[in-house]
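Let's take a walk through a protein model together. Have the sequence and the 3D view open as you read.

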Amino acid sequence: MFFPFLTESTSPGIPMSTAVDRALQVEEILGTVFRHLSPYVWDRKAVLTLANRVNLNHGKDFSHLGVDALPCMENQTALVQCARVSRTIGPHALRVLWRTLPDIRPLLHLLNVMGFSYGDLASGTPFHTFPSTIELPPGEWKWRRYRWYASCVIGVRSAIDYEALEAWSDLGGPPLLPKLQSARFRIDPRSYNRTLRLLTSSIRDLSINFDSTSSRHWEASRYTTTDVLTAAARLAPAVEMLNITFRVPPKDLCPVLPRFSHLRILVVTGWMTPSLHEAIELLEHLEVLYVKLYWTRNAEPSMRNLPTRRCHMVKTLVVLTLSEPITWALQSTEFPLVETVRLEVWPHSSDATDMLTHVMATLRDNAPKMRTLTLTTRSAFTHGDRPPPRLVTVIEPLLQHSMLETLSITLKDNYAFALTRDDILSISSAWPNIVNLTLAHAPTRNDDALPPVTTFLELVNALPQLQTLVLCARFDCTGRDNWRDASIPAHPLRQLFLGLDTETGSYRPDKTWRALAAVLDRCFPNLELKHDLVQPEAVGTQAMETWQGVLYHLQDVRSGGRRSLSPPEF
């Protein structure tokens, strides 16, 4: 018996089934096959490995980090069809189909279809809420069937709130989901006890949102944030990913949050307080920390003199709305193992360069092993009549951090910075191991000291590992006859965007961009023709259209086409 996927080193004399690698049963094979048809690609640990690629849209919460938002309808249809084939494979398809529910309404619908009513209660308690250890009365096959479906549910996508639980009132709900691993709750004091019934020791991914529309009920309630988190830690002690949205600044978190002793991912939306700052330090296994704060202009006095905390195991840090409170918290927190950092800054000032420089200095000092930094700004005003600052003066602290492998800085809206030839060439000595470098911003309108277009060739030639390069420096393309034959040894660069000075190519620009395309083809044989490396909000529409024209000529050069006088519209 031969298997083409086995390596050559596999000895044919090794038995097919051992104590470690045994032959799978038919049921196991069917289960594995059908799991590939899951409508939701859900994995509670996805953000541990994909944290740097998680989509963090402004205004969107973190409810579904690392998870697709909509089901794959083709997979749903395929599972339904498979479930109808035979009784042998039907249960395996149904287990996957019921594995992740959009909400808890399918279970309610199932109860209604089976014709259950309060007449099916025993001692006033509906059978479907019994713990799995309680035996059902003989003959209650419908309840057993319902329980089988309920035991298939691993995750519920939508937030379970007061309205959802009210739908179960006539049935004595909510339903027991003994194998539930991923759930999201919008806490309402009116459904406090019913919510706790759904918390089990199997839960690994838990979202708790205190910022519900029923704020008036919280004001009259005897329950507090601490009460809810304490109960959750007791009932779901194995939680690995905790997502909390606070309605008011949290207090007294230090004795509560560390009770989630297996926590690896913490997502906090709301407020930064001294209590939260202290509690995070006590999470011994925390690897990923996401913080999205409501914007406040000034930090409270208690945030200004925080003692230095140390997050020993955090490897990924994501911060949105980087305002003054979180700036002070970062300054007082050490991250000895952090490798990946993502920041989104809302400066709300006429000139945020000081804040950016301060944050980068903090990361340089407090995150000595940082290898990846992604920074995005979203709101800023123009620099006025002053000349735009040099970008190197803003990122100067990072030039002293030689371990960087990926640096992506996107300065949207009215951020205009200057990049000189000396600034660009200094990058190679500052970050010799850089692989991905993106400096996306509005190009300066100052015509002084524009770098010649060959400068980027010098930079790339000095960085042998570079794969992605984005420079918005308004490269001077005059003197085409002097650089059209420029060349460096073939380089593995795959993605490139250059901000070009359109004035230098205004006289027969097609010849200038054609000559530049020929240089790119000669120096970068693996260069991809990608148009989405930057956004027009950062570099401007004209800069993007100019570069798209260069890529059009590069495509034509590679195909052996003749010179085109003007590229098509993209």
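## Before we start

This is a predicted model, where local features need pLDDT of at least 70, side-chain atom pairs count only at pLDDT 80 or more, and totals for chains, interfaces and linings use all residues. Residues are numbered from 1 along each chain as its sequence is written, and side-chain values use heavy atoms, with hydrogens and water left out.

## The big picture

The protein has 21 helices and 20 strands. Here helices (H or I, at least four residues) and strands (E, at least two) are DSSP runs, numbered from the N terminus. Of the 570 residues, 49% are buried. Buried means under 20% relative accessible area, exposed means over 50%, and partly exposed is in between, using a 1.4 Å probe and protein chains only.

Now for contacts, meaning heavy atoms within 4.5 Å. Among contacts with a separation of 6 or more, 77% are between residues 24 or more positions apart.

## A strand tucked inside

How many residues of strand β6 are buried? The count is 5 of the 5 in residues 205-209, so β6 is largely enclosed by the rest of the structure. In a regular strand, side chains alternate between the two faces of the sheet. Both faces of β6 are covered: Asp205, Ser207 and Asn209 are buried on one side, and Leu206 and Ile208 are buried on the other.

Who are the neighbours? Strands pair if DSSP finds at least two bridges between them. Strand β5 (residues 182-186) runs parallel to β6 and is joined to it by 5 bridges, with Arg184 standing opposite Ser207. To get from β5 to β6, the chain passes through helix α8 (residues 192-197) in a right-handed β-α-β crossover. Right-handed means that, with the strands pointing away from the viewer, the path from the first strand over the helix to the second runs clockwise. Strand β7 (residues 241-245) is also parallel to β6, again with 5 bridges, and Leu242 in β7 stands opposite Leu206.

Helix α6 (residues 141-152) has 12 residues, and at 1.5 Å a residue it should span 16 Å; the end C-alpha atoms are 17 Å apart, which agrees. The expected span is 1.5 Å times one less than the number of residues.

The buried residues of α6 are Trp143, Tyr146, Tyr149, Ala150, Ser151 and Cys152. Their cover includes α4 (90-97) and α5 (105-113).

Is Arg157 buried or exposed? Arg157 has 5% relative accessibility, so it counts as buried. It sits in the loop between β4 (155-156) and α7 (162-166). Leu101 is 56 residues from Arg157 in sequence, but their C-alpha atoms are 6.1 Å apart in space.

Thr376, in strand β14 (residues 372-377), counts as buried because its relative accessibility is 15%. Leaving out residues up to four places away in sequence, Thr376 touches Leu343, Glu344, Val345, Thr410 and Lys412. Gln400, in the loop between α15 (391-394) and β15 (406-411), has 49% relative accessibility, so it counts as partly exposed. The C-alpha atoms of Gln400 and Ala430 are separated by 6.5 Å, though the two are 30 residues apart along the chain.
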